[in-house]
Amino acid sequence: MLQYILYALLVTSVLTYSFFNLRIFKTPLTKTSIALVIAHPDDEVMFFGPTLAELTRPEHGNIVRVLCMSSGNHDGIGETRKKELVASCRAFGIRESHVTVLERDDLKDGPKELWDPSLVGDQMNLFAKKHNVETLITFDEKGVSGHTNHIACYVGLTYFIQTFKAKTPVKSCYVLKSIPLLRKYSSIIDLPITMLFTEALMPMISQYMGFGSASAALSLPEGSSPQAIHRQKLRPLELLFVSSPSGIVQAKGAMQKHESQMVWFRKLYVIFSRYMSINELRRV
């Protein structure tokens, strides 16, 4: 009986994945400035690969930047890891000038390093103002892997929202949803489960069926420019990014740029991790 259940799940996953990649559903994040905030070099692809693969598509017209809170110097190879991050981002079409790596004594890489939320939030504030960022993306309160530095990015984001957001260009903030361990390593087999429970699917269906765009616009004065209307849109509560086969290949190629990190268990991660093909983001 179990083998039939697994077989049915596999077939359903493949069919669902194929349907999703007909590209019927479009991302509502277009023609905007986006900042992905990560803790270490390689976070951008190990956890946010599908997000970057989608948001950097040329037809969306986005400007995507990466703010890395540390150089990943826990093992003394920070300079190498910075270069690897730049190479990885380049694989997604992100230019070197759009990649920023902080090197501060109070933001050291390490699972025992406790970053000050006000410092992390302040760095987000400065970055958002400097680059006119409209959307911030980072980890959620569980940090996907439970890493202290990942969680600090979320706590820093909450501090940013409470203290600075209203005084910056930022219109929306999203965090990557953490999932249970079994689902985390089930690759695309997790897609039917994701689509069953995610709130991201409703705005996509609404857009496809012609009931309106995936994000509703606020009331604006008559004659407002398309740019003003775009900036005033309310973002969906959740976003779902599922990489196409080419997107998965792109992410795997980007991961290969992190040569210093490609030990055996990360090679297995690339094969089995759901985060290499599926990202679910929640607005905070």
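How far is the sulfur of Cys 153 from the closest cysteine sulfur, and in which residue does that sulfur lie? I looked this up in what is a predicted model, and I found the closest one in Cys 68, at 8.3 Å, which is too far for a bond.

**Cysteines.** I then started from the other end and noted that the sulfur of Cys 68 has its closest cysteine sulfur in Cys 153, again at 8.3 Å. A disulfide would need the two sulfur atoms within 2.5 Å, and by this rule I count 0 disulfides.

**Core.** I turned next to the largest nonpolar core, which has 61 residues, and recorded Met 69 and Leu 136 as those that touch the most other members. For Met 69, leaving aside neighbours within four places in sequence, I listed contacts that include Val 37, Ile 38, Ala 39, Leu 102, Leu 107, Trp 115 and Cys 153. Apart from this core I noted another, of 5 residues, among them Leu 191, Leu 240, Val 242 and Ile 278.

**Helix H12.** I followed H12 through residues 245-256 and found that its 12 residues reach 17 Å from the first C-alpha to the last, close to the 16 Å expected at 1.5 Å a residue. Its buried residues are Gly 247, Ile 248, Ala 251, Ala 254 and Met 255. Looking down the axis of H12, I saw these buried residues fall within an arc of 120 degrees, so they line one face of the helix, while on the other side Ser 246 and Val 249 are exposed.

Key
Residues are numbered from 1 along each chain as its sequence is written. This is a predicted model: local features need pLDDT of at least 70, side-chain atom pairs count only at pLDDT 80 or more; totals for chains, interfaces and linings use all residues. Side-chain values use heavy atoms; hydrogens and water are left out. Helices (H or I, at least four residues) and strands (E, at least two) are DSSP runs, numbered from the N terminus. The expected span of a helix is 1.5 Å times one less than its number of residues. Buried means under 20% relative accessible area, exposed over 50%, partly exposed in between (1.4 Å probe, protein chains only). The arc is that of the directions from the helix axis to the C-beta atoms. A nonpolar core is a set of buried Ala, Val, Leu, Ile, Met, Phe, Trp, Tyr and Cys residues joined through side-chain atoms within 4.5 Å. Contact means heavy atoms within 4.5 Å.
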